[in-house]
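Let's take a friendly walk through a protein model. Have a look at the sequence and the structure first.

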Amino acid sequence: MVNSEVFPYLPNSSSRIKNRMLKEIGFGDISELYKDIPEKARLKDKLNIPSSTSEYEVEQQVEKLLSKNRSISEIPSFLGAGCWSHYVPAVVDAIVSRSEFATSYTPYQAETSQGILQTLFEYQSMICELTEMDYTNSSMYDWPTALGEAARMAVRITGRDEFLIPHYMDLEKVEVLRTYSEPAGIKIIQIEQNEHNGQIVLETLEKKITEDTAAVYIENPSYLGFYEKDVEEISDLTHKKDSLLIAGVDPISLGIIRPPGDYGADIVIGEGQPLGNHMNYGGPSLGLFACSGSRLLRQMPGRIVGMTNTLDGKDEAYCLVHQTREQHIRRERATSNICTNEALCAVAAATYLALLGPEGLRNLCETIITKSHYAMKRLNEIEGIRTPLFDAQHFKEFTVNFDETGRSYKEIHDELLRKDIQGGKILSSFPELGETALYCVTETNSRQDMDALVNALNDVLR
Amino acid sequence: MSYRQAKWNEQLIFEKSTKGRIGHVPPSVDQKESNAIGNPNDSVPPELKRKRSPSLPELSEVEIVRHYTRLSQENFGVDSGIYPLGSCTMKYNPKICDRILNSSKIRDLHPLQDGSLTQGILEILYHLSNYFAEITGMHGISLQPAAGAQGEFAGALIIRAYHDSHGELSNRDEMLIPDSAHGTNPASAAMAGFKTVVIPTVDSGCLDINAVKSVVGEKTAGLMLTNPNTLGIFESNISEVSDLIHSAGGLLYYDGANTNPTLGKTRPKEMGFDIVHLNLHKTFATPHGGGGPGAGPVGVIEDLEDFLPVPLVVYDGKRYSLDYDRPHSIGKIRGFYGNVAVLLRAYTYILSMGWDGLKSVGELSVLNANYIARKISLNKKYTIPYYPNSLVKHECVISAEKIYKDTGIRAWDISKRLLDYGVHSPTTYFPQIVEEALMIEPTETESKAELDRLIDAICKVAEECYSTPELVKNAPYSTSVTRINEAKASHPETMCLSWKMKNNRDMNSKDR
């Protein structure tokens, strides 16, 4: 308890200043400023929360609670599935901590906000380069909500109401898609994937794409870590029926694999968290959203920054553009209700991509692939374990199947935890895959971590 | 005080690129790892190999740090000065709330880790939910929405689910929304499948209760309202509005964008609301980040608790966990559990302020806004519609209509000229029901001296509109760049939305 009515963040909180201000504007007491609140609506008691606390005590208190967590910097972890452990360079933290960025609002007053505007313009430019798309917005909340917005956008553009998605998808992402789609009357239809190699079955896809198909959504790499190879064919089949192709990506993988713009995607979405954003227990993340063609641009949700110049023509300058798509102008006819987005996470992503550059990003991809394949190789040496389950190439995530061990993965997972190893995600949403988990290996997993996992599994399964 | 913002004429980072430079070296692999698999490129299917390397910039670390440091210096934040952007509640963001985030105990926490490893953060989220329940008077809280607008979307979906559970969804498709509402309200309602019915504002600055009476009925799904409203005026007839909506079978939604002045004084519950969202990047002092991330927790009365998005943080007396087993839930609205880093900042803020500090926050935000309203009302060049007949709460909306009629100078010009005085400008042209609107929300974290400086600047600019109109029309001069050609930026012929477009444009103009 602070023994004072004066608060460090409230410069006018001392009664001397307060009373002087009240007097200057003709009031005697603060309560007079609240006389328009009817008796019935007033709060009778004080709020039932603790009283004010000094900064030192608050820090102690919060850190004490946080100390109950054991993060993956303390124990090896093989979790991915929508949030990934990638190293965040020190420069990224330093830049996003610049309070001129962090404490600014959405740059409605462009002349005094050139810093954030140019940075977001550079972010858009880098995502356009990475995906080979024409336009990128300055962020959605995360990948799942970007998918929801992409579905609604595709339906607005095509006037059709069917949305095709792969079978092997993160169930939670599908649920977000349903939440966004249901009020718009969008029908979600699953596309079959080959049970041996995970690839979309082209014959059935062709049948499922009809005059009612607004868009076909694919993920590359897929949720279960394998690449979708037949992208050209999928793109052709989709466009033959004038449907849109939407691709979901892990932006890190684009250092080495083909960008969706190169195989004709109309919209690209993805999770930008791996680009310099800490995991923070799953949020904030960064929803990537890019599209090609001016017809699509007009329907794109979210903020977009454009380059222009000053009226006197002397300087290049930046400002928000196409605001007539947005809620503050267009209200119920806006392309989306999104207002506050994840701009500072986009600043982190721009800084991250600038730091790595094309070479760094490619090297990172090579490191990740080498490590994930080392892990798969070592795990396969264990009797009863099969990885990956799909006969396809994988990036950083892969399925590990335990059917032949005769044990449930949950049981094994819990035993790993007792040995201080956080195993991969239990895949309960695909019963046909049996006792399978989704493992992830990135540049932050040392060989020692992977060897420890193998040893632990050998122990557990002995 | 004279003011000059930094001006670096920073080129695009792509234009500073030098082939072969690198800003960061990713971790390498060891021999054993690489022996095991050989060339990693061979594991990428040939038809999926990237043909062209992405044209990302190539710079050294120091060049990148300088580039973005210089750009940050071309940006005005709350740490730079007063930022009275109405309805945005740009208050000071305490530094301790940022420092808490430096802990690897939160940074390196994966959302799918076993519950035994995440008891600390779950306990924090559980307490935070309880604090928000207490602050709003609501019964259940979901911390998930990523922003206020997503909270509104969740709330509108809850209204939808509620009527659906009564078999009334097909009839109740109208959402009543005042003409002074934030644009997100009608946009969120429309996303959730509702038609919007606009309610006008009457002379007191409050919504027209007779208009509500005339449209409310069996088609009414609900009414979305912010209180105090965007004019900064408390909707005093709130209880009557609540009775009207409820007796017609509708629900009352509280847009929490303007919660700041109510802290410790009134709550959505006492006002009769059923659903509430809070903007943590406004009321609870988390930094706005140049456009996000924010957080928009949503709270509901007991009858609606079953509809909240999954998962909820629960406690069984021994252990904290995430509850997905909620069959009536509207489902998932985003990945994982919310913008946890933002939630943790807000938790730290609430602990610091306590009930007593939050009450002072409410009071001082109102005092500061009334101080500004009174001082500016003495300047006859501006008018403040509905004032002083109605008190203001956290913000006041001044009109430059007279100046416009006398001189042709718009609120937009005034907002630009204000930048030269080292302050951020108020929100312009909002709410749309006030002509030449300048919406000022000082917040409680501005000192009297800073308020006086803002008032002086606003009054001086009014004088300049008459004495040196050209000075105002061509402002600003002290910012990194002078007045920007915004029309050109959005024009299809001249728009440029990426470095690639700029290159193409430059090449085309060379060809000509």
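In which crossing, left-handed or right-handed, does α6(A) pass α7(A)?

## Two helices that meet

α6(A) passes α7(A) in a right-handed crossing (left-handed if the near helix is turned anticlockwise from the far one by less than a right angle, right-handed if clockwise). The contact residues divide into seven nonpolar, four polar and four charged. Here Ala, Val, Leu, Ile, Met, Phe, Trp, Tyr, Cys and Pro count as nonpolar, Asp, Glu, Lys and Arg as charged, and the others, Gly among them, as polar. Helices (H or I, at least four residues) and strands (E, at least two) are DSSP runs, numbered from the N terminus.

## About the model

This is a predicted model, where local features need pLDDT of at least 70, side-chain atom pairs count only at pLDDT 80 or more, and totals for chains, interfaces and linings use all residues. Residues are numbered from 1 along each chain as its sequence is written, while chains are lettered from A and ligands numbered from 1 in the order in which they are written.

## Where the chains touch

In chain B, 184 residues are in contact with 168 residues of chain A (contact: C-beta atoms, placed from the backbone, within 7 Å). Helix α11 (residues 340–377) of chain B gives the most to its side, with 23 residues.

Most residues other than glycine have a negative phi, and most peptide bonds are trans. Yet A:Arg331 has a positive phi near 50°, and the peptide bond from A:Asn220 to A:Pro221 is cis, with omega near -5°. A:Pro221 lies in the loop between β4 (213–219) and α9 (231–240) of chain A.

Terms used: Contact = placed C-beta atoms within 7 Å.
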